[in-house]
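Work through the exercises below with the sequence and the coordinates open beside you. Each task is followed by a solution that goes step by step.

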Amino acid sequence: MRYAICFTPSASDPLTLVAANWLGRNVYSGEMVDPPAIRGLGIHEIAFHTAVPRRYGFNGTLKAPFRLAEGMSEAGLLRDLMRFSGALTPFEISRLEVARLGCAFGLVPSEPCQPMHFLAASVIQAFDHYRAPLTEAEIERSDPDGLSAAQFVNLHRWGHPHVMDEFRFHMMLTGTVHVTDLSRMEQVLRDVFEPVLADPVPVANIALMMEEGTGGPFRVHSLHPMGKVSARRIA
């Protein structure tokens, strides 16, 4: 079993519901969802292109999936995550937009969001002692020969190459799309998601994600509100 620390909108947020329909699974309940009917894009084609993000769930990863280190417990992780989130100040992503990420697609901030970069770096540092060391197989899956020097250092220091200065916040919507289908897929994603991307996205919770079994899908284990309880009551 593995855990991950992420951001995902609340269960009732319109973006969460649209993403669940697109990916075919609700990240909160874990239940499968019927895909939308899209002209020119069959159900099986959607299922194929969303297989990878469907497994990981709709989220923006702050700390990539990790196994608990020896002597660490889920109870301790929950306790520390609650304390950590309570010391943070909620903020907003001004706007998300559909973007190409290599030959895949995801949602990214339309302009730099420094609070998110700070949050991700803080999470990495605060919870790294909960992470079990990477196995040789896990290191190989990260393709160390294809990493930059900074990414290689991150992999061995923090367990993932794309952290700290290499971090780019994103919420995956597809796996790899063939180059001949990129333009068509981009237009479909804009049609599906842009109606719920007009407003700022509040970042007021941190989600602890949990893998179901070994190699199973991830779902939201618990949401941890940012800010002190007294401040949240006033707000």
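**Exercise 1.** Which residues of helix α7 (residues 149-158) are buried?

The model is a predicted one, in which local features need pLDDT of at least 70 and side-chain atom pairs count only at pLDDT 80 or more, while totals for chains, interfaces and linings use all residues. Residues are numbered from 1 along each chain as its sequence is written, and side-chain values use heavy atoms, with hydrogens and water left out.

Step 1. Helices (H or I, at least four residues) and strands (E, at least two) are DSSP runs numbered from the N terminus, and a residue is buried under 20% relative accessible area, exposed over 50% and partly exposed in between (1.4 Å probe, protein chains only). By this criterion, the buried residues of α7 are Gln151, Asn154, Leu155 and Trp158.

Step 2. These residues lie on the same side of α7, because they cover an arc of only 110° around the axis, the arc being that of the directions from the helix axis to the C-beta atoms. An α-helix has 3.6 residues a turn, so residues three or four places apart point the same way.

Step 3. The face turned away from the buried side of α7 carries the exposed residues Ala149 and Val153.

Step 4. With contact taken as heavy atoms within 4.5 Å, the buried residues of α7 pack against β2 (60-66), α5 (114-127) and α6 (136-141). After α7 comes Gly159, whose phi is positive, near 85°.

**Exercise 2.** How many salt bridges does a search of the whole structure find, and what do individual pairs look like?

Step 1. Counting a side-chain nitrogen of Lys or Arg within 4 Å of a carboxyl oxygen of Asp or Glu as a salt bridge, the search finds 13.

Step 2. One of them joins the side chains of Arg2 and Glu211, at 3.2 Å from N to O. Arg2 lies in the segment before β1 (3-7) and Glu211 in strand β8 (residues 205-211), so the pair ties together parts that are 209 residues apart in sequence. Glu211 is buried, at a relative accessible area of 3%.

Step 3. Asp128 and Arg131 form another salt bridge, with their closest N and O atoms 2.9 Å apart. Asp128 is buried at 12% relative accessible area, and Arg131 is buried at 13%. Both belong to a network of salt bridges that links Lys63, Asp128, Arg131 and Arg157.

Step 4. Arg190 and Glu194 also meet through their side chains, at 3.3 Å from N to O; Arg190 is partly exposed, with a relative accessible area of 25%, and Glu194 is partly exposed as well, at 36%.
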